Amino acid sequence: MGFLEGVTAQLPTLVSGLAMGCLLYTLALGLSLIFGMMDVLNLAHGTLYLAGAYVGVLVIGDSPSWSTYLVALLLAALLGIALGGLLAGMVMPLAGRGHMDQALLTLGLALIGASLMEAWFGGDIHNVSAPPALSGNVEILGQFYPVYRLALIALGAVAAVLVTLLLRRTAVGALVRATVSDRDMVRAIGIDTRLILFGVFGFGGLLAVCAGILGGPLLGAAPGLDHYVLLIALIVVVVGGLGSPAGALLGALLIGVVQSLGTALVPSVAPFLLFGAMALVLILRPGGLLGRVSDGEPA
Amino acid sequence: MSTESATAELAEVPAETPAEPRSPSWRRTGPRILLATASVGLLFGAPWYLDVFAVSVATQLLSFSLLAASLVLVMGTAGMPSLAQSAYFGVGGYAAGLLAIHVTQSAVAMLVCAALAGLVFAAATGWLLIRTRASYFLMLSLAIGELLAAGANGWMDVTGGSDGLFGIPSPTLGGLDLAVEGYLYLYTLVMALGTFVVVALIRASPFGLALRGIRDSESRMRALGYRTGWYKFAVFCIGGAVAGVSGALWVTQIRFVSPHDLGFMASAFVLVAVIIGGADSLLGALVGAATIIAIRNFLPTEWEGQGPLVLGVLLVVIVYTFRGGVAALPARLAALRK
């Protein structure tokens, strides 16, 4: 087998890595923005994702169709905003206390959420089917690609463009960026940063829960998935740079590809490959690829 | 466990102290020395007045509180909120277990091997961790812990994968078979107490003071000429070794280790133990560890498997109402009395 064939044989893996990356982007974006806003490391982010995945199991289940998908996404969006708002409301009283207490609170909520979901849905692995029109494979240049993953990549691209426009071209986006870079100054010019905080938590929650629906056909829904998803999203945020939306995109695509190529080619060392990628980025750029350098360096 | 007898002992201690006047320093330290002697006596006597189940829970408590001590050292003393501590615990456990299966069942060899394994893995990952701080550290250490857990899960040939490493033979000490609950308890007690003393000495040493300085203001310590990076790296490696020892003691008793012992949930358990205790207090961590072990072992049967839920509720309650943990209780009570 020549080198070229060897490379093309890995193309489907690359594509599924990119699809995974798009899914990770939606998670990491919320995580990164929430952290940038008020130094809250939201350890319940994976729990939000898993809640979305279970919404998918309940609503879509064995009868995948466009209408059930839309209903599921709508429900997920509402649930995400509600849960995000709840998190913001619970974190708010701890605002002056430093990062540790807030991280502990979200950790506690993550544990509670995971227990409740396990009590409700049991320990089994639930699978969710892709919408019927997207469930097959398509042949491109002699390789077969799952349509659903290609659709995820397209969706991820659209989402990235929309979010960039929202953040760069609108007044709300400017406010969010300003709050990330200097919260006190935004407050000093008379803007209620608590509203922005609720908004960003709600938006992050929406993205995370909807990601649970979209990721259903890839990862299913099972106890422990919340930790896995949180872990990968954390690595993405560390690699991309905290508080940087573009960094979240770059990190998500990079980690998605490293993860799926690693799992396909050298399955036993895949976790160490992820660590290696993360270490390499942090040595070269301590604040992440697109982060402010000062975030990573010791004070 | 032994609270009633401990309080009874406490009540008797002042009556026995001599009435004749001593130097003021003796008046202050005397009761403490007596108290320490009494509690060490109580600890060593446990196999004679507790039933087998209670002794086995006490053994668990000893090795688990050592893990909490390693986090007190790294987080409380040096200000590095590590969620990777349980990973080094697990690495130590695997090292001890593999040694017992393939090479020797000597408990002491297992302990040394586990300490080295914890040290090596902490060094291999710590150089990266110490470059970061605060939330970045938390995040990165969680990622490292989970990756090590995933590694233990994936390396089927050596670790047994997700089933865990079982069939670890019962360790021996000299000619003693440590499968006997009483011997096992005493062995664990000696090793844990020894390591506890080492950790306490490190915390009280100039090195420990420098670490507190770095925790409170790293830039100031660097301006004073301390090479703060080396201090952090050194204490992180020591913390890894202590966690490894704790893992070895745990495996010596449980004779099983699985990727679950390295991961997120295990880290959360230790973190909560230390937070209950007040982060910068070894005795507090002991109380916290006892709480966690009690939750694990004494939940009513209808609550079986609900440990994480209880833990989560506990965390939320602590964050809102119990700042400073057990260590801050005396100050709080004093404030209430005023």
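Helix 4 of chain B is mostly covered, with 16 of its 18 residues buried (buried means under 20% relative accessible area, exposed over 50% and partly exposed in between, with a 1.4 Å probe and protein chains only). The model is predicted, so local features need pLDDT of at least 70 and side-chain atom pairs count only at pLDDT 80 or more, while totals for chains, interfaces and linings use all residues. Residues are numbered from 1 along each chain as its sequence is written, chains are lettered from A in the order in which they are written, and side-chain values use heavy atoms, with hydrogens and water left out.

Helix 4 of chain B covers residues 85-102 and reaches 26 Å from its first C-alpha to its last, close to the 26 Å expected at 1.5 Å a residue. The expected span is 1.5 Å times one less than the number of residues. Helices (H or I, at least four residues) and strands (E, at least two) are DSSP runs, numbered from the N terminus.

In chain A, strand 1 (residues 137-140) and strand 2 (residues 143-146) run antiparallel and are joined by four bridges; two strands pair if DSSP finds at least two bridges between them. A:I140 has A:Q143 of strand 2 as its bridge partner. The hairpin has two residues between the strands, and A:L141 takes a positive phi near 50 degrees there.

A:I235 lies in helix 10 (residues 225-240) of chain A. This residue counts as buried because its relative accessibility is 0%. Apart from neighbours within four places in sequence, A:I235 is in contact with A:I255, A:L274, A:M278, B:A143 and B:L147 (contact means heavy atoms within 4.5 Å). The C-alpha atoms of A:I235 and A:I255 are separated by 7.8 Å, although the two residues are 20 residues apart along the chain.

The contact between the chains takes 49 residues from chain A and 43 residues from chain B. The area buried between them is about 4,100 Å², and carbon and sulfur atoms give 78% of it; buried area is the accessible area (1.4 Å probe) that two parts lose on being put together, summed over both. In chain B, B:Y136, B:M139 and B:L147 lose the most area to chain A, together 18% of what that side buries.
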